[in-house]
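Subject: Model handed over, with notes

The model we discussed is below, and my notes follow it. Please read them with the structure open.

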Amino acid sequence: GKIVNIRETSLRAYESVNYGEYPLKDRVLLSIWASEGLICEEVEGELGARHQSASACINNLVKRGLVEDSGERRPTSSGRDAMVWVLTLDGEDYIFNWVLE
């Protein structure tokens with residue numbers, strides 16, 4: 001699925017997410033960053049990842065302090081409220097210093 005309202009500065013990042021050879025965790029970080037927050041289901045849609053993979057990856061990024069719960073909630077396709085994940089400052093730092101260098 002296409003992201004709507006991508007910040008122009010992140011357009012190149014978004015393209016590299018889709019076409020680059022990044023590991024899943026970096027693609028998850030980039031798509032969350034480019035969208036300014038995503039629920040797990042949206043991450044799955046963006047990256048064509050299975051739920052188990054996307055969910056495990058997000059949990060791992062939370063443990064590493066790169067992603068956090070924004071406090072915002074958005075409905076999933078089945079109507080349940082889901083956490084909107086955003087990057088922490090460390091997460092943004094990681095992207096700028098390691099992923100997009």
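The model is predicted, so local features need a pLDDT of at least 70 and side-chain atom pairs count only at pLDDT 80 or more, while totals for chains, interfaces and linings use all residues. Residues are numbered from 1 along each chain as its sequence is written, and side-chain values use heavy atoms, without hydrogens or water.

Charged pairs

Arg 74 forms a salt bridge with Glu 72, and their closest N and O atoms are 3.6 Å apart (the rule asks for a side-chain nitrogen of Lys or Arg within 4 Å of a carboxyl oxygen of Asp or Glu). Glu 72 is partly exposed, at 43% relative accessibility. Through shared partners, salt bridges also bring in Glu 42, so that Glu 42, Glu 72 and Arg 74 form one network.

The count by this rule is 4 salt bridges. Another of them joins Asp 69 to Arg 73, with the closest N and O atoms 2.9 Å apart. Asp 69 is partly exposed at 32%, and Arg 73 is partly exposed at 38%.

Lys 25 and Asp 26 also meet in a salt bridge, at 2.9 Å from N to O. Here the two partners fall into separate accessibility classes: Lys 25 is partly exposed at 25%, whereas Asp 26 is buried at 7%.

The chain as a whole

The chain has 5 helices and 2 strands (DSSP runs numbered from the N terminus, with H or I over at least four residues for helices and E over at least two for strands). In sequence order the pattern is α-α-α-α-β-β-α. Of the 101 residues, 41% are buried. Among contacts with a separation of 6 or more, 52% are between residues 24 or more positions apart (a contact means heavy atoms within 4.5 Å).

How confident is the predictor in the chain? The average pLDDT is 84, and 76% of the residues score at least 70 (pLDDT is the predictor's confidence in each residue, from 0 to 100). Over residues 1-6, pLDDT stays under 50, and for this stretch the model has 11 contacts beyond four places in sequence.

Helix H5 covers residues 89-99 and contains Trp 98. Trp 98 is exposed, at 59% relative accessible area. The C-alpha atoms of Trp 98 and Asp 26 are 9.5 Å apart in space, although 72 residues separate the two in sequence.

There is 1 aromatic pair in the structure (rings of Phe, Tyr and Trp, the last by its six-membered ring, with centres within 6.5 Å; planes under 30 degrees apart are stacked, over 60 edge-to-face and the rest tilted). The pair is Trp 33 with Phe 96: the ring centres are 5.5 Å apart and the planes stand at 90°, so the arrangement is edge-to-face. It links distant parts of the chain, since Trp 33 is in helix H2 (residues 24-35) and Phe 96 is in helix H5, 63 residues apart. Trp 33 is buried at 9%, while Phe 96 is partly exposed at 44%.

Cysteines

The structure holds 0 disulfides (the cut-off is two cysteine sulfur atoms within 2.5 Å). For Cys 40, which is in no disulfide, the nearest cysteine sulfur is that of Cys 57, 9.3 Å away. Both residues are covered: Cys 40 is buried at 14%, and Cys 57 is buried at 10%.

One backbone angle to check

Most residues other than glycine have a negative phi. Glu 36 is not a glycine, yet has a positive phi of about 60°. Glu 36 sits in the loop between H2 and helix H3 (40-47) and is partly exposed, at 49% relative accessible area.

Conventions: Buried < 20%, exposed > 50% of the residue type's maximum accessible area, 1.4 Å probe, protein only.
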